[in-house]
Amino acid sequence: MPKLFYQGHGSFRLTADDGRVIYVDPYAGGGYDMPADIILVSHQHGDHNQTQLCAKKPNCKIISNAEALEGGKHNSFDVGGVMIQAVEAYNKNHKPEECVGFIITLDGVKIYACGDTSKTEQMKTFAAMNLDYAVLCGDGVYIMNPEEAAECAKLIGAKHNILVHVKPKELFDREIAEAWDAPNKIIIEPDGEISLFSGRANKAHDCPCTRKGECQAHGDCFACVANHRKGGYVPACFRQEKFLSDLKERLAQ
């Protein structure tokens with residue numbers, strides 16, 4: 001299953017089942033050492049376009065707003081089976097002819113990366129796309145605030161919503177993310193990584209971790225459990241973890 005690693009601010013990394021790597025709006029945090037197959041840049045503000053941070057494979061493809069809007073339209077790309085669709089992104093601080101969001105389909109999982117934006121007209125059409133994850137900005141300075149981002153989450157109808165770009169000059173602000181009134185939200189701290197699932201919503205479960213109220217089940221046995229090092233979440237299968245633990249105990253006897 002693909003994974004999403006959150007670097008901080010509006011930056012995150014996607015990893016496919018086969019190991020291919022996609023960076024989205026590189027700027028903040030670490031974790032740029034995995035050589036990129038694809039780099040996506042939503043616009044040319046300095047906190048979204050630091051492609052030099054990323055290790056790159058020789059055939060790395062960089063898709064910026066320039067390529068995404070070439071010909072005066074929102075273009076789509078097929079990069080070795082990874083589907084990338086440019087979509088609208090704009091507000092009074094971001095011109096629609098200079099900014100985009102991206103809908104990325106990776107191993108059957110559909111992820112919307114909004115870039116820097118406020119609510120757009122095109123968002124009304126997203127519910128029909130059955131998106132799995134919406135990664136939405138919300139610091140309220142040059143982009144929409146958390147309240148508008150929550151409205152967008154409800155309009156878009158993705159199975160899971162993740163708030164990023166939450167505080168200027170900071171990687172993240174957990175208090176803002178916790179207060180965010182969006183449906184089916186997942187909180188990921190910088191350096192946190194989650195597995196991504198297609199076609200199903202996270203289920204509630206009887207989670208033993210100390211943040212039971214925030215954990216979300218992935219399918220029948222996968223769960224997000226506390227990563228106490230950073231306060232984020234990492235995916236783990238309790239059945240598999242118990243099997244390995246029991247096996248280790250047996251071998252030690």
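Biologist: What share of the accessible surface of the protein belongs to carbon and sulfur atoms?
Modeller: The model is a predicted one, and the accessible surface computed from it comes to about 11700 Å². Of that surface, the part that belongs to carbon and sulfur atoms is 50%.

Biologist: How many helices and strands make up the secondary structure of the protein, and what percentage of its residues count as buried?
Modeller: The secondary structure comes to 4 helices and 15 strands. Among contacts with a separation of 6 or more, residues 24 or more positions apart account for 49%. Of the 253 residues of the protein, the part that counts as buried is 52%.

Biologist: Which residues of the largest nonpolar core touch the most other members?
Modeller: In soluble globular proteins, nonpolar side chains tend to be buried together. Here the largest nonpolar core has 59 residues, and apart from it lies another core of 8 residues, among them Tyr23, Ile39, Val41 and Cys60. Leucine 4, leaving aside residues up to four places away in sequence, touches residues including Phe12, Leu14, Val135, Ile162, Ile188 and Leu196. Within the core of 59, the residues that touch the most other members are Leu4 and Tyr112.

Biologist: How far from the sulfur of cysteine 54 is the nearest cysteine sulfur?
Modeller: The structure holds 0 disulfides, and a pair of cysteine sulfur atoms would have to lie within 2.5 Å to count as one. Cysteine 54 is in no disulfide, and the nearest cysteine sulfur is that of cysteine 60; cysteine 60 is likewise in no disulfide, with the sulfur of cysteine 54 as its nearest. Cysteine 54 is buried at a relative accessible area of 5%, and cysteine 60 is buried at 18%.

Biologist: Which side-chain partner does lysine 119 have in a salt bridge?
Modeller: The count of salt bridges comes to 10, and in the one formed by lysine 119 the closest N and O atoms are 3.6 Å apart. Lysine 119 lies in the loop between strand E9 (109-113) and strand E10 (133-137), while its partner lies in helix H2 (residues 146-156), so the pair ties together parts that are 32 residues apart in sequence.

Biologist: Is aspartate 132, which meets lysine 159 in a salt bridge, buried or exposed?
Modeller: The side chains of aspartate 132 and lysine 159 meet at 3.7 Å, N to O. Aspartate 132 lies in the loop between E9 and E10 and lysine 159 in the loop between H2 and strand E11 (160-164), so the pair ties together parts that are 27 residues apart in sequence. Residues under 20% relative accessible area count as buried. Aspartate 132 stands at 2% relative accessibility, and therefore it counts as buried.

Biologist: Which residue meets aspartate 181 in a salt bridge?
Modeller: Aspartate 181 lies in the loop between helix H3 (174-179) and strand E12 (192-195) and its partner in helix H2, so the pair ties together parts that are 27 residues apart in sequence. Both residues of the pair are exposed. With a distance of 3.9 Å from N to O, the residue that meets aspartate 181 is lysine 154.

Biologist: Which elements are included in what covers the buried residues of H2?
Modeller: Pro146, Ala149, Ala150, Cys152, Ala153 and Ile156 are buried in H2. They cover an arc of only 160 degrees around the axis, which means that they sit on the same side of H2, whereas Glu147 and Lys154 are exposed on the other side. What covers the buried residues includes E9, E10, E11 and H3.

Biologist: Which residues does glutamate 98 touch, not counting those up to four places away in sequence?
Modeller: Glutamate 98 is found in the loop between strand E7 (82-88) and strand E8 (100-106), and at 39% relative accessibility it counts as partly exposed. From C-alpha to C-alpha, glutamate 98 and serine 64 are 9.9 Å apart in space, although 34 residues apart in sequence. The residues that glutamate 98 touches are Ser42, His43, Asn65 and Leu69.

Terms used. Residues are numbered from 1 along each chain as its sequence is written. This is a predicted model: local features need pLDDT of at least 70, side-chain atom pairs count only at pLDDT 80 or more; totals for chains, interfaces and linings use all residues. Side-chain values use heavy atoms; hydrogens and water are left out. Helices (H or I, at least four residues) and strands (E, at least two) are DSSP runs, numbered from the N terminus. Buried means under 20% relative accessible area, exposed over 50%, partly exposed in between (1.4 Å probe, protein chains only). Contact means heavy atoms within 4.5 Å. A nonpolar core is a set of buried Ala, Val, Leu, Ile, Met, Phe, Trp, Tyr and Cys residues joined through side-chain atoms within 4.5 Å. A salt bridge is a side-chain nitrogen of Lys or Arg within 4 Å of a carboxyl oxygen of Asp or Glu. The arc is that of the directions from the helix axis to the C-beta atoms. Accessible areas come from the Shrake-Rupley method with a 1.4 Å probe; for residues, only the protein chains shown count as cover.
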